[in-house]
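Dear colleague,

I am passing on the structure we spoke about, and below it you will find my notes on what turned up in it. Please read them with the coordinates open beside you.

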Amino acid sequence: MKKLNDIYSRIISRENLYRSAYMAARSRRYMEKVADFNFRLEEEVEALRRELADRTYKHGKYRVFNVYDPKERKIAAAPFRDRVVHHAVNDVIEPLIDRTFIYDSYACRKGKGTHKALDRAQRFLRLNRLCLHADVRKFFPSIDHGILKRMLAERIMDEPLLRLTSGIVDSARQLSGGGNLETMAKGLPIGNLTSQFFANLYLNELDYFVKFRLRERHYIRYMDDFLIFSNDKKALIEVKERAREFLNERLALQMHEGKSQIYNTRNGIKFLGFRLYKDHRRLASDNVRRFKKRLKKFGYLLGSGQVKKSKVRDSVRCWAAHSSYADTGGLRLNIFNALAEKDSCLAGLLKNVLLQREKSAERSA
């Protein structure tokens, strides 16, 4: 790939910064910090542009909190002005570097996503008897800053841009508190837009290793979750070992041994919240349990006036649309019937949402 050069001026241009401020504010524009920034938008953008042009910009401190979806995750939220910078950088360099990524990397990429990954995985499943399903242990907290910055330097010649991206990478050090240098030089904040792109760049080397060194044609990756399909168990065991060694030696990552196993495809493969079979799909049982729990909570919140009907309907519509990419017509009907017995008002509100048609037309062989 030809190194990126002479694009820093595009990143710090007023046009790009205004666009980035708009993108960063989407769905957040009524939050206090966002509203304050937008109230003084021209002044804030000009100050940010001047700092970036003078190389005096410094990343602010993160706000850290935990979410449970479904397991506990630590989220680090950057100050809004830093999120504007993240967008300004990402929106310029990501499309240029994305061209070098393999076709079958599906996370956080334009034109890809969960459902296309499922379609591709099911296609590969139909062609193979076996599948290695693997993922990386504590991926985001384990990303090595030195290795990541080396990857960026291999693609970016523009020195001011390289300094800016390195500063964004190093901003994560503050999250380690008083830890030692080794600990502080690892990990990316899950909440950053740039972290998603950096993570894809980091594992792009694994993609190239598996596709072009190991010559595995039926390979799919969604962030740190990856599948390799084959009809040869002995060869797949060897592939697993070599992928483990590559992750450890080249990327300072560890394969999650408990979650990295070889499965017979006739029993189905669990991937991205679904269980895939050759001729159908099911929604993973833990997803169904979480949704039923959410419905119960919505019933309480609606009854006490703590949530609007439109918000409940939108949330359930998102789940129903996602679940409809599996064969869930019967499941959603059963959920609706059970809900109707317990809470007729909530069932009436959600009837058309829960019983929408499945996306079977999008799952052709």
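A nonpolar core here means a set of buried Ala, Val, Leu, Ile, Met, Phe, Trp, Tyr and Cys residues whose side-chain atoms join them within 4.5 Å. Please keep in mind throughout that this is a predicted model.

By that definition, the largest nonpolar core has 66 residues, and the members that touch the most others are Leu52, Ile93, Phe139, Leu148, Tyr202, Leu206 and Leu251. As background, nonpolar side chains in soluble globular proteins tend to be buried together.

Phe139 deserves a look of its own: once neighbours within four places in sequence are set aside, it is in contact with Ala199, Tyr202, Leu203, Met223, Asp224 and Leu253.

Met223 has a positive phi near 55 degrees although it is not a glycine, and it is found in the loop between strand S4 (219–222) and strand S5 (225–230). Its relative accessible area is 11%, so Met223 counts as buried. Lys138 likewise is not a glycine and has a positive phi, of about 45 degrees, and it is placed in the loop between strand S3 (130–135) and helix H7 (139–142). Lys138, however, is exposed, because its relative accessible area is 53%.

Turning to helix packing, helix H3 (residues 32–39) packs against H4 at an angle of about 90 degrees, with the axes 5 Å apart, which means that H3 is roughly perpendicular to H4. In this contact, Phe37, Asn38 and Phe39 of H3 meet Leu41, Glu44 and Val45 of H4, and these residues divide into four nonpolar, one polar and one charged.

Helix H4 (residues 41–54) also packs against helix H5 (residues 80–98), here at an angle of about 60 degrees and with the axes 11 Å apart, so H4 and H5 are oblique to each other. H4 passes H5 in a right-handed crossing, where Leu48, Glu51 and Leu52 of H4 meet Arg81, Val84 and Val85 of H5. Four of the residues in this contact are nonpolar, none is polar and two are charged.

Lastly, Gly167 lies in helix H9 (residues 159–170) and counts as partly exposed, because its relative accessibility is 33%. Its C-alpha atom is 9.9 Å from that of Lys149, a residue 18 places away along the chain.

With best wishes

Conventions: Residues numbered from 1 in each chain as written. Predicted model: local features only at pLDDT ≥ 70, side-chain atom pairs only at ≥ 80, totals over all residues. Heavy atoms only, no water. Axes fitted to C-alpha atoms, helices over the stretch in contact; angles between N-to-C directions. Helix = DSSP H or I, 4+ residues; strand = E, 2+ residues; numbered from the N terminus. Parallel < 35°, antiparallel > 145°, perpendicular 65-115°, else oblique. Left-handed = near helix turned anticlockwise from the far one by under 90°. Contact = heavy atoms within 4.5 Å. Nonpolar A, V, L, I, M, F, W, Y, C, P; charged D, E, K, R; others polar. Buried < 20%, exposed > 50% of the residue type's maximum accessible area, 1.4 Å probe, protein only.
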